[in-house]
Amino acid sequence: MPSERIIFPPINERDRPEEIKLLLARISVIRNGCDLDLLLFLYRHPRTLLTNEQIAAFVGYEMKQIAQSLEIFIEAGLLARTQNPTHAARMYLLELNGPAGGDYKKLLESASTRPGRRSILEALRPGRSAPEGHAQNLRLVKRASGRG
Amino acid sequence: MTEPNRVKTGIAGLDDILPGGIPRGNVILVEGAIGTGKTTMGVEFVYRGASQFDEPGIIVVFEVSPDKLMRDALGLGWDLAKLEQQGRLKIVFTTRDVLRQELQQADSVLLDEAAKIGARRIFIDGVGRLVGGNGSLESRSAFHVLTEGLQRENLTALLAVEASSLNGNASASLPEESIADTVIRLRMEDSQRAISRSIEIVKSRGQDFQMGRHSFRILDGKGIQVYRRVQAPRKPSRDRAAAFDPTTRLSSGIPGLDGIINGGYFVGSTTVVAGISGVGKSVMALQFIAEGARRGERSLMLSLDEQVEQIMRNAATVGIDLQAEIKKDLIRLEYEPPQEIEVDAHFHHIEELVKEFKPKRVVIDSLSTYGSNLGTKGRVFRDFFHALVALMKERQIVAVYNHENPEMLGMNSMMGDFAMSSLVDNIVLMNWIELGDSFRLGMTIAKMRANPVDRVTHECEVINGHGMRVLPRALPVRTQPFSAYASLVARSPERRTRGPEGAIPDGSSE
């Protein structure tokens with residue numbers, strides 16, 4: 001079921017780098033800019049019927065990257081996808097009502113402004129971005145959803 | 001068949017020109033140039049279905065992002081997010097290529113999504129480019145495939161297609177029109193630097209509908225409001241309803257006038273008070289509505305010339321306290337600025353006011369302002385006035401219309417360019433009469449349908465703090481027979497001093 005709409009507030013304390021890092025550490029599935037931009041795209045288009053190529057074109061990343069991000073989101077229970085391999089296009093439905101929904105909404109709030117998005121991208125840069133425990137968190141997510 | 005066979009659009013006014021809605025299963029094509037309101041209409045069609053008629057729906061968009069669509073809809077008072085949460089609406093973002101392929105497959109993911117919520121309506125925004133839009137056989141076939149896919153799922157589909165050639169008065173047929181069951185054209189019409197929106201039902205299979213270009217507006221917090229073309233024939237009952245009650249009259253409120261007009265105006269009658277500016281027409285109108293209030297009858301005064309506060313101040317100068325009557329809900333004053341008046345919307349407003357307030361007396365001040373804004377030469381004004389008269393008669397309202405006649409002294413015609421005196425039951429002419437060094441006020445009942453009328457010019461006066469009254473005749477006037485005059489038909493009568501045979505005509509005192 002689609003998530004409740006968010007009214008984005010002005011920039012505030014939440015955009016501070018340390019806050020961002022803590023948030024990313026909790027979310028864990030947002031590993032890089034592609035993940036972030038894909039999440040933003042899916043938030044604006046919570047129910048999409050598109051091919052991976054089309055999503056890649058809309059978001060502006062290589063198809064391989066997009067495919068990886070989609071798989072991560074699906075495994076984390078953030079995204080649902082129709083199972084119909086005969087169709088090139090799949091229906092994707094963003095689900096932000098899970099346990100981590102509040103954190104995703106906070107991240108989306110931050111990413112809705114230019115400074116906020118830059119702070120997040122900075123925090124995601126290689127060498128800084130991978131919050132400690134990311135891999136462990138991802139394993140936990142997979143285990144909890146019975147997919148790992 | 002247990003379900004109704006018409007789909008109500010729920011769009012205010014649209015189900016009146018498409019009586020009862022659109023036959024279920026019809027493929028509705030909404031065409032128009034950019035900014036004409038196609039997306040708004042499509043979204044409202046689905047929103048009303050899901051929120052009012054228990055018909056869940058799907059909205060398919062290609063260019064507009066769903067979050068913007070929801071934001072814009074919220075501005076019109078439609079909470080699409082709530083409907084999504086309730087499982088009564090799905091907004092799907094896709095591309096035309098994908099949709100085309102989807103609808104050609106029996107196991108369409110899109111239609112499967114529609115079935116999951118029991119969708120009965122679908123809106124697809126921007127199908128023109130989906131099917132090519134070049135009028136070729138191929139594009140028609142693509143459109144045909146699209147409609148077949150939708151009908152297979154028993155969806156009533158509203159498809160928006162961009163047709164830039166349809167603005168203004170241009171008219172061009174799109175190839176999709178022949179396949180669609182219902183075709184609705186939206187236009188932005190340019191009229192003397194003003195822009196207005198119009199809607200036209202070009203065709204609708206399986207039903208009768210009101211033809212011609214109707215007006216519509218997109219109202220914040222409400223959505224689309226369609227105003228039926230004022231010229232469109234109303235229900236026959238409206239014209240038949242003028243029950244010709246030969247006894248009930250309403251007092252004019254002018255001392256001395258009721259005696260001249262046999263006790264007052266008949267209910268359901270139409271009266272025009274004509275005279276130059278300043279002659280006392282508005283004072284008469286104020287006394288007319290004040291008299292109604294005194295008798296406990298509701299009165300509505302619609303002014304295009306003066307704002308409400310100004311009318312109240314004017315009333316106070318002739319001893320009428322309108323504020324007190326307004327508080328008692330016996331009088332309602334309405335002011336509408338005449339600039340860029342849109343006749344269909346304006347008539348709708350009056351109609352709604354009359355239905356809601358239920359006045360027995362209505363004053364419209366003034367017809368000449370309508371004339372100067374709508375033009376007196378074409379049919380628009382005449383048809384508007386005709387509809388107004390029919391509305392008032394149906395409701396058995398005594399309606400008084402003030403009309404500014406430009407002639408200061410004397411009158412060559414009763415209603416000038418308006419040429420509508422045949423629609424009017426009573427005509428009261430107000431004239432300045434120059435006697436000595438002053439203008440005196442004269443009133444002549446020029447026409448009073450179904451009443452004997454003497455057509456004598458009576459003197460009137462307006463007294464500060466008291467208003468207008470008609471003065472009694474002080475002396476009996478001796479009348480002369482026609483034979484006492486020459487050149488009567490030539491409109492320059494002269495008194496004869498001698499009759500044709502040299503005798504002074506009968507009745508002459510000379």
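Reply: Among contacts in chain B between residues at least 6 apart in sequence, 67% link residues that are at least 24 apart. The model is a predicted one. Its chain B has 510 residues, 54% of which count as buried, and its secondary structure amounts to 15 helices and 24 strands. The accessible surface of this chain is about 23200 Å², with carbon and sulfur atoms accounting for 50%.

The part in question is the interface with chain A. Here 22 residues of chain B are in contact with 22 residues of chain A. The area buried between the two chains is about 1900 Å², and carbon and sulfur atoms give 63% of it. Of the area that chain B buries against chain A, 31% is supplied by B:Gln85, B:Phe93 and B:Val109, more than by any other three residues.

Polar interactions also cross this interface. Between chain B and chain A there are 6 residue pairs in polar contact, both residues being at pLDDT 80 or more. The elements of chain B that each give two or more residues to the side touching chain A are helix H3 (66–75), helix H4 (80–85), strand E5 (89–94), helix H5 (96–103) and helix H6 (109–116). The largest share of that side, 5 residues, comes from E5(B). The rule finds 2 salt bridges across the interface. B:Glu113 forms a salt bridge with A:Arg47, in which the closest N and O atoms are 3.8 Å apart.

At the start of H6(B), a side-chain oxygen of B:Ser108 comes to within 3.2 Å of the backbone nitrogen of B:Leu110. After the helix comes B:Gly118, which has a positive phi, near 65 degrees.

A further feature of chain B concerns its surface. B:Phe482, B:Leu488 and B:Val489 make a nonpolar surface patch of about 380 Å². B:Val489 counts as exposed because its relative accessible area is 82%, the cut-off for exposed being over 50%.

Methods: Residues are numbered from 1 along each chain as its sequence is written. Chains are lettered from A and ligands numbered from 1 in the order in which they are written. This is a predicted model: local features need pLDDT of at least 70, side-chain atom pairs count only at pLDDT 80 or more; totals for chains, interfaces and linings use all residues. Side-chain values use heavy atoms; hydrogens and water are left out. Patches are made of residues with over 30% relative accessible area and no salt bridge: like charges are joined within 9 Å, nonpolar side chains (Val, Leu, Ile, Met, Phe, Trp, Tyr) within 5 Å. Accessible areas come from the Shrake-Rupley method with a 1.4 Å probe; for residues, only the protein chains shown count as cover. A salt bridge is a side-chain nitrogen of Lys or Arg within 4 Å of a carboxyl oxygen of Asp or Glu. Buried means under 20% relative accessible area, exposed over 50%, partly exposed in between (1.4 Å probe, protein chains only). Contact means heavy atoms within 4.5 Å. Buried area is the accessible area (1.4 Å probe) that two parts lose on being put together, summed over both. A polar contact is a pair of N or O atoms within 3.5 Å; within protein, one must be able to donate a hydrogen and the other to accept it, and residues adjacent in sequence count only if both atoms are side-chain atoms. Helices (H or I, at least four residues) and strands (E, at least two) are DSSP runs, numbered from the N terminus.
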